[in-house]
Amino acid sequence: MDTTPARPTSVYGATKAAQEMVCSAWAAATDTPLSILRLQNVYGPGQSLTNAYTGIVAMFSRTAKQGETIDVYEDGNITRDFVHVDDVISAMAAALGPPVPGERVLDIGSGESTTIATLAKLVASHYDAPEPLVSGHFRDGDVRAAFADIGPAKEQLGYRPIWSLLEGLDSLFSWIDEELRQ
C-alpha cells in the first residue's frame, strides 16, 4: 500500500510511474483487468553484474569478489527490500491466474527492510573483502527508504516469499562465482 505520494525525483522513478499510468489508461480504455506488480530490489542468478539500477547486490558482490572496497552511499542507512528472483517469478505466476475486475496494484518484495550498509557487510564478509566504506556519495533522486507491504499480495495472490536474504545471497554468490570463472 502506498504511504508516500508518487512524486519521482529521478528519471528512473518517473519512467516507472509513467509506465503504470500508460498501462492503467489502456486497461481502462479497453475494459481489461490489470495487475500491476511493483517489484522491489530483485536479485538472484542471471542478473546484470554491472547495472546499478538493476543489481546493487550483484554489483557489491562483483566488487567484493575482486577484493575491492564496496562504496556505501550516504550514511549507509538507506534501506531497501531485497527480493529473490524466484519469489518474483512465483508472484508473477500467481498474478496470471484468473483475472480480477478492474485494476490492482501489489507490492512484491520480501517485506523486510535491510540497510545498504548491512548488505555491503554481508557481501564483503562472504568474499573476505575489505570492510565497506561509507563514503557519503549519493545519487540525485535516490529514495531514502523503500520496502514492500506484501500483505495485499499475500491476500490476493497467496504470495509467500520463501527466500531469506542470506539464502538468496548464497544462491547469487554461487552463480557469480561460476559466471566470473568462465
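**Entry 1: conventions**

I call a crossing left-handed if the near helix is turned anticlockwise from the far one by less than a right angle, and right-handed if clockwise. I took helices (H or I, at least four residues) and strands (E, at least two) as DSSP runs, numbered from the N terminus. The model is predicted, and local features need pLDDT of at least 70, side-chain atom pairs count only at pLDDT 80 or more, and totals for chains, interfaces and linings use all residues. Residues are numbered from 1 along each chain as its sequence is written, and side-chain values use heavy atoms, with hydrogens and water left out.

**Entry 2: H2 against H6**

I began with this pair and found its crossing to be right-handed. The axes of H2 and H6 come within 11 Å and cross at roughly 55 degrees (axes are lines fitted to C-alpha atoms, for helices over the stretch in contact, and angles run from 0 to 180 degrees between N-to-C directions). H2 and H6 are therefore oblique to each other; angles under 35 degrees count as roughly parallel, over 145 as roughly antiparallel, 65 to 115 as roughly perpendicular and the rest as oblique.

I then listed who makes the contact (heavy atoms within 4.5 Å). H2 brings Val57, Ala58, Ser61, Arg62 and Lys65, while H6 brings Leu169, Leu172, Phe173, Ile176, Asp177 and Leu180. Sorted by class, the contact of H2 with H6 has seven nonpolar, one polar and three charged residues. For these classes, Ala, Val, Leu, Ile, Met, Phe, Trp, Tyr, Cys and Pro count as nonpolar, Asp, Glu, Lys and Arg as charged, and the others, Gly among them, as polar.

**Entry 3: H2 against H4**

Next I looked up H2 and H4, which pack at an angle of about 40 degrees with their axes 9 Å apart. That angle makes H2 oblique to H4. H2 passes H4 in a right-handed crossing. On the H2 side I noted Ile56, Val57, Phe60, Ser61 and Ala64, and on the H4 side Ile116, Leu119, Ala120, Val123 and Ala124.

**Entry 4: H4 against H6**

H4 and H6 pack at about 45 degrees, their axes 11 Å apart. H4 is thus oblique to H6, and H4 passes H6 in a right-handed crossing. The contact uses Leu119, Leu122, Val123 and His126 of H4 together with Leu165, Leu166, Leu169, Phe173 and Asp177 of H6. The residues in the contact of H4 with H6 divide into seven nonpolar, one polar and one charged.

**Entry 5: the nonpolar cores**

I wanted to know which residues touch the most other members of the largest nonpolar core. In this core of 23 residues, they are Val57, Phe60, Ile70, Phe82, Leu119 and Val123. A nonpolar core here is a set of buried Ala, Val, Leu, Ile, Met, Phe, Trp, Tyr and Cys residues joined through side-chain atoms within 4.5 Å, and buried means under 20% relative accessible area, exposed over 50%, partly exposed in between (1.4 Å probe, protein chains only).

Helix H2 (56-65), helix H4 (116-126) and helix H6 (165-181) each supply at least two residues of this core. H4 gives the most, with six. I also found another core apart from it, of eleven residues, among them Val83, Ile108, Ala153 and Leu157. As background, nonpolar side chains tend to be buried together in soluble globular proteins.

I checked Val57 by itself. Leaving out residues up to four places away in sequence, Val57 touches Tyr43, Phe82, Leu119, Leu169 and Leu172.

Ile36 sits in strand E1 (residues 34-39) and counts as buried at 8% relative accessibility. Ile36 and Ile108 are 72 residues apart in sequence and 9.9 Å apart in space, C-alpha to C-alpha.

Thr79 lies in strand E4 (residues 79-80). Thr79 also counts as buried, at 13% relative accessibility.

**Entry 6: positive phi**

Most residues other than glycine have a negative phi, and I noted two exceptions here. Glu74 has a positive phi near 50 degrees; it lies in the loop between strand E3 (71-72) and E4. Asp128 also has a positive phi, of about 50 degrees, and Asp128 is found in the loop between H4 and strand E8 (133-134). Is each of them exposed or partly exposed? Glu74 is partly exposed at 24% relative accessibility, and Asp128 is exposed at 72%.
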